[in-house]
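Below are my notes on the model you sent. Please read them beside the sequence and the coordinates.

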Amino acid sequence: MSTSRTVADSSPIPSRRPRRVTPGRLFDDIATYTALLAVSAVFVFPALWLVLASLSKTGDLFSFRGFFPSAYSIDTFRDLFTNDVNGLYPYGKWFINTLYVAGVSSVLGTLLVILTGYVMSRFQFKGRDAIKKATLLLGIFPGFMGMTAIFIIVAQLGLLNRLEALILLYAGTAPLGYLVQKGYFDSVPGSIHEAAKMDGASQLTIFIRVTLPLSKPMIVYTALTTFAWPWSDCLLPQLLLKNREVWTVAVGLYNMPDQQFARFAAGSVFIAVPIVILYFCLVKYIVSGLTAGAVKE
Amino acid sequence: MMKSNLHGERKISPHVFLSAFVWGLGQLLYGQIVKGLLYLAAFAGALWFFIARGFRDIAGFFTLGTVQENLWLGTTGDNSMRMLILGLFALFALVFAGVIWYANVKDAAFTARQAARGNRPRGFRESLAAMADGKFHAAALVIPVVGVCLFSILPIVFMILIAFTNLGGEVVHPALADWSFAAWQKILSVGKVGATFVKILSWNVLWAVASTALNFFAGLSLALLLSKKNVRASKFWRSFPVVAYAVPAFISMLGFRFMFSQSGPINQMLTASGRDAVFFLSNVESAKWWARGIGLFVYAWIMTPSIMLMTTGILSNISSDLYEAASIDGASPFMKFRRITLPFILFSLTPVLISQFVGNFNNFGIFFFLRGGLQSNYADYFLASDTDLLINWLYNLSVDNNYYAIGAAISLVIFVITAVLSLAVYVNSKAYKTEDTFR
Amino acid sequence: MTGTKKMLLLPLALLCCSMPAFAPLAQAGPGPVYSAITARFTGEIEPNATVMVLENDTAIELGYVEQLIAAFNEAYKDQGIKAERLNTDQYADLATDGPYGYGPDVWYQANDIIMKYAQAQHILPVPYEALDAKDQIPPSAWEAYAINLQGETLYCGVPVNVQSGMLYYIESMLPEHWQADWDVNANGVPDFFETYTALYALSADIKENGGKTEYGYLDDLIDTYFMGGYLFTYGAYIFGDHDTDPSDIGLGAGEAFKGARMIRQWAKEMDNTEVVEKAFASAAFSYLATGRMLCTITTPDVRRMFIREMAANGWTAEEAERDLKMINVPCLPVSGDLTADGWRDTILRMDELTIPTRMMGGINGYGISAYTKCPNASLAFVEFATSYAQVMLRNAMLGIIPARADAAAAVGETDDTVRILFDKLDRDLIDIMPAIQAVGQLWTPWESFLVDITTDALRENRGEAAAFGTDEQLQAGLNRLVQQLHDAIFTLQ
C-alpha cells in the first residue's frame, strides 16, 4: 500500500494517438459507447424525471399521464417560496435552517475529524489502541437505536426544537468517522513533520503550519461529506425538531402529502442542485478522499 | 493507593496529599496559581454537581423511580427513562471526575518531584505550552472524546441497559419501570417474535451480502468501463453517476417510491399499453421479490457511483509494469483482470467493503423510504414486512410501538451478529494478514 | 417488585392509591373522582397565558384555523390571554414530548387518536359540567371520549364534529337518461345510490358499455375506516364490551365473511390496482374531478378538496359547490352478495332484500394536554372553539358535520348530510372508533387483510388461483386477522 498517496484526479487521459479502425475495434467502440449511453440513461433518467415533475402544472402525481406531466409551468417553484399554505410548508425557512445546520456542522465537524485523524495517525500514546478498537465497535452498533436516549439528552439540555442540537450532534459524532482522515495522514510522508520538529516547532504549530496546508484535498473532502450528511439527513431532525418553522428541508419533504407531489419535486430539485454543483466542482477531491479512506483501515 | 500512583516516590510531599483531597490545593501552594484555581474550580463544580443532583441521580439509576406521577391529580413523580439516563450521565461524570482527580494528583506529584530536585514549578503558560506540544494528542482529543461519549457512547450504553428493564408497552411514563430480564425471555421463547426474527434475519443476511456484492461489482464495472482506452471524454460520462451520487439519498428513494407506486408512471405505462399493472411495492405477497429487487436496484443506484469513484482512484495506483509484464507473458485481458486488477482492488477495499457490509446490514433508510409502514400479514410477520431488515423491525417495535426493551434486546443481538460476521471477514482478509508488511 | 409496580399502572388503582379515602362508587354523574380530577379547572384564567393549539392540516390549509385564533384573541384580549397555533405535525406524540414541556395545550384530533393518550393520563378529563356545550352535544358523541374510573364516567375531549363515510358524486356526471334507466321506484334518487347491488350493476355496465365516466364506483378498498362497515353490517365488531375489552376482538364475528366477500367482489369488478394502495385516498379528488369515476366514499371534512380539484378542472367555485353531492351510502344486500339479486329487485323489495349499511365513524374534538401550564385558559379556548358560532363557521369553511345539536339543526336546514348522519347515529348505524389504547394496533394488520383479499381478486382476474375464493377461506382469513390483532396487542405486554 505504499502507493496509496493518490493522484488527485485519476481518470486516464484518452489516448491521442490516431488509431486504425479495425472491425474488432469498431465493435469494441460500439459496445463501449452503447454501455456508456445505457449507464448514463439509468443514472440521469430518475433525476430528469424529478426535475420535470417539479415543473408540473397541476401539482399532483395522479394527474400525470405516463412518465411526464401533461402541462408545464414554473409556478411550483414560485409557490415554493411565496405560498407556504398558511405556514404548512415554509420552504424558504427550511432551506435557511438546512444551510445553517449543514454549514456550521461542516466547519466544526471538519475541524474535529481532521484533528482526530491526524492525532490517531501521527501520535503513539497510551489508549490509542483502545480508542481505535472502541470506534470500530461503535461503528458496528445499529447507531440510531440510541435515538430515544438522544431525544432525552437533548431535551435535558433544553435544546429540543433548536437547530443547535443538530449541530452539536452532527459535529460531536463526526470524529467517529476519522479513519478516512487517518488513512490520508498515514500516506503523507512523516519526514516533513520530523524536519519541523527538529526546527523546534511545537506540535500545535506543526499541525497548523505544516499539516493543515498540506491536507487541503482531505479538508475539502471532509468538509463536503460533513456538509452533505446534515444536508440530507431526515431522521435526526425529525426526532428533535417539532415546529415546522425550525424543520430542515429533508423533514419537510418527508412529511409532504401525496397531493403536493409537484411541491415535493420542486423542493427536492432545489435542495439537490447546490449539492450536485458542489460535487461536480469538487469531484477530484472526492476521488482522492474516497481513495484515501479505502486504502487504510 | 497513593503509592501506586506515584511510582515509588520515596517521600510523598504533603502538598500532593492536599491535592488528593482538595484538587488544586497542592498546585496553589507550589505557586501555580492559575492551574491551581482551575483545578479548584473543577473540584467545586464536581462537588456542586454531585451534591446538587449527581448522587441522587446515581441512586435513581438503581431504583428507576419510586413515586409515580399522577398527571390528572397534578402530583409530581419520577420518570424512569429520564432517571436511567441521568443516572448514567452521573456515572459517566463520576468517571470523568476520577480522571481529572488522577491528572491533578499526578500533576501535583510531578511538581513535587521538580521541587525536590530544586527546579522552579512550571508556570501556567509553560503548562499550556506543554499541553500544546507534549500532550498535544490528549488536548486535541478532549472535545472529540467528550462529544462521542455524550452523543454516541452514552446513548448506546443506555440502549444496552434498556434491554434489561421492562420499559415499553404499558410501562412508559408516567408508569415506573424496573430492571428485568423479561425482554430476553420473550425473544428467546420460540413464538411470534422468534419466528419473525428468524425470517427477517435470513433476508437481512441475504440483503447485506447481495447489496454489498452488487454495489461493488457494479461500481467496479463502471470504473473499468470509464477507464477503457477507447473512451473519450470520460469525465463527461462520469458526471452522470456523480449526479446520482450527489442527489440526497432520501430524495432518490422517495422519488423511486413514487415512480414504482401503484399510481406511478411505470404502472400507468403498463396499463396504458394494455398490460397488467404490477405490484412493485404494495403490501402483497407477489410484491415480495419485486420490492426486494427494487430495493437492491435503488440502493445500487445510490451507492455505485461512490464505489466507482473509489475504484477509479485505486485503479490508477496499479503499476502499469504489472500489466506489461502480464502482456509479455501472453495473458488475456480477462486473465489480467482476474489476476491483477481484482486482487489488488479487493485487497485495497476490504476494510471499506466490511464497513459497507455492516452499513448495509443495518440499512434503515432504503426500505423505510421505499415501503415504510407496511406489515406483511400473509406470512405472519409480527409488526414487520417481508422487506424489513432487523433494523426496520426494531424501529417498528421501539419507536412506533414503544416496545423499548424488546427493541433494545434485538439491537444487541444485531450487534453481536454483525460484530462476529465482520470480524470473521476482517481477520481472514488479506488486508489484515499482511497489514504489517505494508505499513 | 415488578408486580406491585405494574399494578399501579391502571389509572383506577392509581387513584385508589393516591386517594385512599375513595371507595369505588357506582354512579353515573359527576362524583368525587370527577371533582378531584377536575379540581385544577378553577375557572380562574391564568394571566398572560398563551394557549398552544394543534389543529388539523386541512383546517389550516383552508384558512379556518387562522380565523378561529384571531377571533379568540380578539374575544379574550381583555382577559390578557391569547392562543397561538402550534405549527407542528398534526399527529403529536404527547407521551414522548409532553414530559419535556413540548406539545400542544389544546389538540384537535379524531377521538381514537386523542383517546390513545387518555388511558395513560396524557390527556385531561374535561370539566364537562361547567361547559356550555354540555347539553347540546348528544350522549353518543360524548361517549367517544368516555373513560371509566371507579364507576364514574369521565370525558377526555369535547366533541366538535361527526365523521363517517359519505358517498360523493358530481351530478352532471350522472349517466344520460338515468331517470329512465335507473329509477325503477321513481323516487327521484338514482337507484345505484340506493343499494350496493344496483351500484355494482351500474359499475359493471359502465365498464362494459362505457359512459361519461371511465368507472362507476371506485374506492380505496384497503381503507379499514370505510371498509369496516361491510363487516359491521353483518355482525362484526371491534372490541367486546362496548369497545372497551381488547381481549375480545370481534372482526370475525357474526357473518363478517359476507362483508369481506363483497369487498372482494368490488375489487374484482373495479379491476384497478390503484385502489389497493392508500395513496388512492388522495388520488380520489382528481379521479372524481377528471371524470374517471362517478362516485366514491369518504368523510365530509374533505369536501373542499374535491371542490378545489373541480375548480382546477373547469368548474367555477359556485358551479362546483352546486354540482358536488354528498349523500348517504347505499344499503347492502341481505344475501351478502352483490350479484345474487337482480338490482331492480333490491330497489323494489328494498325492505326485504337489503339492510342499512353500518359505517365506522369518528368524533373529532378538542382534548386538553395533561402537561398544560394553563388548564383554565385552555378550557376557555376549547369552550370558544366549540361554541355555536365557531362550529357554524367551521361548517361553512370546511363542510364538517357539527356535533352540537343547535348547530346541526341550523346546518341541517340547508344540508341533508347532517340529517343523514344524525339519523344514522340515532339508529345506531355508526360505530364510533374505540377509545382505548389497543386501537392503535388495529389498523395495520386489518389493512393488510384487506390488501390480501382485494389483491386476491385482482389475481383471479388475471387467471391465477384464488386464495380467498370461498366463504370458508374468507372466514379463516378473518379468524387469522383476529389472532394477529390479539398477538399484536398482547404478545409483548
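1. Domains of chain B. Chain B is assigned two domains, domain 1 (2-180) and domain 2 (186-438); such bounds come from an automatic or database domain assignment. The centres of domain 1 of chain B and domain 2 of chain B, taken over C-alpha atoms, are separated by 42 Å. Their contact takes 10 residues from domain 1 of chain B and nine residues from domain 2 of chain B, where two residues are in contact if their C-beta atoms, placed from the backbone, lie within 7 Å. On the side of domain 1 of chain B that touches domain 2 of chain B, six residues are nonpolar, four polar and none charged. In these classes Ala, Val, Leu, Ile, Met, Phe, Trp, Tyr, Cys and Pro count as nonpolar, Asp, Glu, Lys and Arg as charged, and the others, Gly among them, as polar.

2. Basis of the model. This is a predicted model, in which local features need pLDDT of at least 70 and side-chain atom pairs count only at pLDDT 80 or more, while totals for chains, interfaces and linings use all residues. Residues are numbered from 1 along each chain as its sequence is written, with chains lettered from A and ligands numbered from 1 in the order in which they are written.

3. Domains of chain A. Here the assignment gives domain 1 (16-82) and domain 2 (91-295). The C-alpha centres of domain 1 of chain A and domain 2 of chain A lie 31 Å apart. In the contact, 13 residues of domain 1 of chain A meet 14 residues of domain 2 of chain A. On the domain 1 side of this contact, α1 and α2 (75-82) of chain A each supply at least two residues, and α2(A) has the largest share, with five residues. That side divides into seven nonpolar, four polar and two charged residues. Helices (H or I, at least four residues) and strands (E, at least two) are DSSP runs, numbered from the N terminus.

4. Chain A against chain B. Contacts join 79 residues of chain A to 86 residues of chain B. Helix α1 (residues 23-54) of chain A gives the most to the side of chain A that touches chain B, with 13 residues. By class, that side holds 53 nonpolar, 22 polar and four charged residues.

5. A helix pair in chain B. Helix α11 (residues 249-260) of chain B and helix α13 (residues 287-315) of chain B have axes that come within 10 Å and cross at roughly 145°. Axes are lines fitted to C-alpha atoms, for helices over the stretch in contact, and angles run from 0 to 180 degrees between N-to-C directions. From α11(B), Ala249(B), Ser252(B), Met253(B), Phe256(B) and Phe260(B) meet Ile294(B), Val298(B), Trp301(B) and Ile302(B) of α13(B). The residues of this contact are eight nonpolar, one polar and no charged.

6. The four-stranded sheet of chain C. An open sheet has the strand order β9-β11-β8-β12 (chain C), with mixed pairing; two strands pair if DSSP finds at least two bridges between them. β9 (215-217) and β12 (324-327) of chain C are at the edges with a single partner strand each, so one side of each has no neighbour in the sheet. The twist averages 25° from one strand to the next. Strand β8 (residues 166-170) of chain C pairs with β12(C) in the antiparallel sense over four bridges, and the bridge partner of Tyr169(C) in β12(C) is Lys325(C).

7. A hairpin in chain C. Strand β5 (residues 146-149) of chain C and β6(C) are antiparallel and share four bridges, with Ile147(C) opposite Leu154(C) in β6(C). Two residues lie between the strands of this hairpin, and Gln150(C) in the turn has a positive phi of about 45°. Strand β6 (residues 152-155) of chain C is covered on both faces: Glu152(C) and Leu154(C) on one side, and Thr153(C) and Tyr155(C) on the other, are all buried. A residue is buried if 20 or more other C-beta atoms lie within 10 Å of its own, exposed if 12 or fewer, and partly exposed in between, with C-beta atoms placed from the backbone.

8. Ala311(C). This residue lies in helix α15 (residues 303-311) of chain C. Ala311(C) counts as partly exposed because it has 15 C-beta neighbours inside 10 Å. Leaving aside neighbours within four places in sequence, Ala311(C) is in contact with Ala317(C) and Ala320(C).
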